[in-house]
Amino acid sequence: MARRSAIYSDPVAGEPALPYRVRYSRIHGMGVFATRPIRKGTRIVEYLGERVSPEEADARYPEGVDPGHVVVFAVDEHTAIDAGRGGNEARFINHSCDPNCESVIEDRRVFIEAIRRIQEGEELSYDYMLQQDGRRTRAVEQEYACHCMSPNCRGTMLAPRQKRTRSVTKGRG
């Protein structure tokens, strides 16, 4: 059985009363859905899994091998969480370009929190903002294609491109 973060508790039964469940998603594979309304600012779940170096994570999941299935969360330059090994339900939270949650890193732990009120039955999502090494091409963006169906969809799970700024030098005149 997957480990769970004991963020919620049911005072009557003493068991965790999770506000979500995992089921089939129209976005991608399995998803996580609210079983009751969740208030803005609620810490929903901790992202759990084996802690490894980024180099170990890269060796386990080589670039280009099923890039649409993301289970590694980069915590910092020394640590990544591989939810494919010892992970919990948080690994099934899908990406969206118009998310209702965000990831929060606190004391080298990763939590998923609601950034707005979430309705019962609504799928939980956050913007993965994936980083990628090398040149960013349309082919690379397609490898990390987004299927969120949001009107604001940018078409990829990669972080938005940095906007280039041009400096203008005015001559004296």
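**Entry 1: aromatic rings**

I looked up the aromatic pairs to begin with and found that the count comes to three, where rings of Phe, Tyr and Trp (its six-membered ring) pair if their centres lie within 6.5 Å, and planes under 30 degrees apart count as stacked, over 60 as edge-to-face and the rest as tilted. I note that this is a predicted model, in which local features need pLDDT of at least 70 and side-chain atom pairs count only at pLDDT 80 or more, while totals for chains, interfaces and linings use all residues. I also note that residues are numbered from 1 along each chain as its sequence is written, and that side-chain values use heavy atoms, with hydrogens and water left out.

One of the pairs joins tyrosine 47 and phenylalanine 73, whose ring centres are 5.4 Å apart with the planes at 50°, so I wrote this pair down as tilted. Because tyrosine 47 lies in strand E3 (residues 43–47) and phenylalanine 73 in strand E5 (residues 72–74), the pair ties together parts that are 26 residues apart in sequence. Helices (H or I, at least four residues) and strands (E, at least two) are DSSP runs, numbered from the N terminus.

Are tyrosine 47 and phenylalanine 73 buried or exposed? Both are buried, a word that stands for under 20% relative accessible area, with exposed meaning over 50% and partly exposed in between (1.4 Å probe, protein chains only).

I then turned to tyrosine 126 and tyrosine 128, which form a tilted pair with 5.1 Å from centre to centre and 50° between the planes. Tyrosine 126 has a relative accessible area of 5% and is therefore buried, and tyrosine 128 counts as buried at 14%. Tyr47, Phe73, Tyr126 and Tyr128 form one aromatic cluster.

**Entry 2: charges over rings**

Next I checked two arginines: the charged end of arginine 23 sits over the ring of phenylalanine 33, 3.7 Å from its centre, and that of arginine 43 sits over the ring of phenylalanine 111, 3.9 Å from its centre. The rule asks that NZ of Lys or CZ of Arg is within 6 Å of the ring centre and within 35 degrees of the ring normal.

Phenylalanine 33 came up again in E2, where arginine 21 stands opposite this residue. Strand E1 (residues 20–24) and strand E2 (residues 30–34) pair in the antiparallel sense over five bridges, and two strands pair if DSSP finds at least two bridges between them. E1 and E2 form a hairpin with five residues between them, and glycine 29 in the turn has a positive phi of about 55°.

**Entry 3: the core**

Which residues have the most contacts inside the largest nonpolar core? I found Ile44, Tyr47, Ile93, Ile118, Leu124 and Tyr126, in a core of 31 residues. E2, E3 and strand E9 (109–114) each supply at least two residues of this core. Such a core is a set of buried Ala, Val, Leu, Ile, Met, Phe, Trp, Tyr and Cys residues joined through side-chain atoms within 4.5 Å.

**Entry 4: positive phi**

Aspartate 107 is found in the loop between strand E8 (101–106) and E9, and counts as exposed because its relative accessibility is 71%. Methionine 129 also has a positive phi, near 45°, and its place is in the loop between strand E10 (125–126) and helix H2 (138–143). With a relative accessible area of 40%, methionine 129 is partly exposed.
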